[in-house]
Amino acid sequence: MHSTLDVLLYYLGVEYTLEPAEHPFFLPGRCGRVMTGDRELGHLGEVAAGALERRQITMPCAAFEINLDALLRLAM
């Protein structure tokens with residue numbers, strides 16, 4: 001997921017960093033906050049087992065969530 005996020009933000013011309021973070025959707029210690037400057041754009045990480053079970057997903061997976069309004073403001 002990190003490489004997908006990398007390509008997306010590269011083509012939108014948005015520089016970003018990742019910071020360690022906690023989020024209920026992701027496994028503890030396996031989550032990062034997507035930042036641009038001092039603005040949080042979203043999160044990236046390995047999806048928690050409970051979230052996978054609720055969606056009947058049997059394989060571990062990773063995901064990212066991005067605030068599209070904030071991202072589009074930066075990309076324009």
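1. Start with Arg-33 and Glu-19: in this predicted model, the two form a salt bridge, with 3.7 Å between the closest N and O atoms. That falls inside the 4 Å cut-off, so the pair counts.

2. Arg-33 has another partner to look at: its side chain meets that of Glu-40 in a salt bridge, 2.9 Å from N to O. Glu-40 comes out at 39% relative accessibility, so partly exposed is the label here too. Through shared partners, the salt bridges join Glu-19, Arg-33 and Glu-40 into one network.

3. Then there's Arg-30, whose side chain pairs with that of Glu-46 at 3.0 Å, N to O. This one again ties together distant parts of the chain: Arg-30 lies in strand β2, Glu-46 in strand β3 (residues 39–47), and 16 residues separate them. Glu-46 is partly exposed because its relative accessibility is 23%.

4. For the overall tally, how many salt bridges does a search of the whole structure find? Three. If you're checking them by eye, the pairs are Arg-33 with Glu-19, Arg-30 with Glu-46, and Glu-40 with Arg-33.

Note on methods: Residues are numbered from 1 along each chain as its sequence is written. This is a predicted model: local features need pLDDT of at least 70, side-chain atom pairs count only at pLDDT 80 or more; totals for chains, interfaces and linings use all residues. Side-chain values use heavy atoms; hydrogens and water are left out. Helices (H or I, at least four residues) and strands (E, at least two) are DSSP runs, numbered from the N terminus. Buried means under 20% relative accessible area, exposed over 50%, partly exposed in between (1.4 Å probe, protein chains only).
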